[in-house]
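Let's take a friendly walk through this model, starting with a barrel and moving on to its salt bridges.

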Amino acid sequence: MRAWLILAWWGLATAGWAAEQDQAQGSVVRVRAAIQPYDQFRPWQKKAPYGLNGTGVVLPGEKVLVTANLVANRTEVGLEKPGSAEKCAAEVEAIDYEANLALLRPEKAEFLKSFKGLALGPALKAGDTAEVWQLERNGELLRNQAEILTVGVGRYPNDEAGFLQYGVRVSLPKRDDSYTLPLIRQNQLVGMVMMYDRDSQEGTVIPGPMIERFLQDAADGKYEGFPTLGVSWTPLRDPNLREEVRAPKSGGILVTRVNPIGTAGRAGVREGDVLLSVDGMKLDEDGNYRDSLYGPTAIGNLVRVRPTVGSKAKFLVVRDGKEIELAGIYDRRARDEVAIPTLSFDTQPRYLVVGGLVFQQLTGAYLQEWGDKWTERAPPRLVELFSFQQEKRQDPESKVVFLSQILPAAINLGYQHYSGLVLEKVNGKEIRNLEQLAQMVDGMKEGNLVLEFMDDPGKLVLDAAEVKAKQEEIRKAYGISELRRL
């Protein structure tokens, strides 16, 4: 009798193991990406290539979901079936670096034919449990128990405005495909792990509602992204401030800045308005609305995840003590059309070499090249312009052109220690972008190029004729393929 029980248990265990393996074979694949980003300090070349490995989720429709950071600055992407040597190249069909999500499509349509794929599961709340799936080298599925600790709006790796995210506790063994991992509950996809700290055994997860919005947007082949409001605001907890702005007794936040091309700005929201509600959802004094699942949740989730680009927006504001209803259309132009872009992936930096002086347009990617403590290490003026560009109300058409470095040559003798200087004028004319600078340099046949900067030394002077005569010599000396990319 005991032998029969042991055999029965062994049969059940084997069946369970087989079911898990079937789930692995039909739900996840290895994703291997070759990465080679551009060198922000030497914008004419790329850095040394390296590889990243992750576990991608197969979705119905034979697509694969991964985090965007897994395939950022990619040269190629490949899929590999678990427990098999069968491989297939893949293309990125849709990608959103702000939301940190990417959708891959195998180049061979039949590669995922045998995969069932995972459906999306329900949204989770604090206290719920799930599993983080990993793949062993032999293709076996490793299930790691995870607990949802927090649910709220927080910063993503490439986004400052904030999106909904889960905070989880899970013990993850180190594997070669652990760069991106799925969060599973009852064999349904409920999130994607995008950050993990092995010391604390806590991670950050892109939640199911974010994934659902991303996939809905990408379904028509024209990905538009998550909308933005285009405002800055401050809480209204101070009763004296509430009285000063003539706010009602409770609720609402004070709008401190409005981007005129943003969703709220084009709807008529003004600086100094008290924003009481968005799309009929009331805001409290801290900018939270009451979500049916999560309870008090920051406005960021209300305006970025619930609506879509092109959907209607409704605002209730108090202006001069009177309530006003405003209407508009959600879009994300306020995020895209800026003087200093935050995100810069998959594209070569713009630059112009003039007599060994290397000029670039400022981006967040350049500043991040200085490392985790870039706010302390990068040139202070550049950090200031980037960090306070909303407050400075910089014209989106006017880019920040700066001298990033000087390639030593006889023509620039005495200037070689200068870097990080913001260019304002050339020969008395304001410079708004690299194209304008190039036109001025190209148009100068003789005389001096007087370069005026925001900070000391104030001016640098080059002989225009000598610049033209020495450009090719400098290019060859430093092995630069092209002296400009505009």
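## The barrel and its helix

Val66 has Ala102, in strand E6, as its bridge partner. Please keep in mind that this is a predicted model. Strands E3 (residues 63–66) and E6 (residues 101–106) run antiparallel and are joined by 3 bridges. Both belong to a closed barrel of 6 strands, in the order E1-E2-E3-E6-E5-E4, with antiparallel pairing. From one strand to the next, the twist averages 40°.

Now look for helix H2 (residues 208–218), which lies across strands E2 (50–59), E3, E5 (87–96) and E6. Helix H2 runs at about 50° to E6.

## Salt bridges across the sequence

There are 28 salt bridges in the structure. One of them pairs Glu369 with Lys47, with the closest N and O atoms 3.0 Å apart. These two residues are 322 residues apart: Glu369 sits in the loop between helices H7 (364–368) and H8 (374–377), and Lys47 in the loop between strands E1 (28–35) and E2. Lys47 is partly exposed, at a relative accessible area of 31%.

Arg266 and Asp331 form another salt bridge, their closest N and O atoms being 2.4 Å apart. Arg266 is in helix H4 (residues 263–267) and Asp331 is in the loop between strand E20 (322–329) and helix H6 (333–336), so this pair ties together parts 65 residues apart in sequence. Is Asp331 buried or exposed? With a relative accessible area of 11%, Asp331 is buried, whereas Arg266 is partly exposed at 38%.

Conventions:
Residues numbered from 1 in each chain as written. Predicted model: local features only at pLDDT ≥ 70, side-chain atom pairs only at ≥ 80, totals over all residues. Heavy atoms only, no water. Pairing = 2+ DSSP bridges. Helix = DSSP H or I, 4+ residues; strand = E, 2+ residues; numbered from the N terminus. Axes fitted to C-alpha atoms, helices over the stretch in contact; angles between N-to-C directions. Contact = heavy atoms within 4.5 Å. Salt bridge = Lys/Arg side-chain N within 4 Å of Asp/Glu carboxyl O. Buried < 20%, exposed > 50% of the residue type's maximum accessible area, 1.4 Å probe, protein only.
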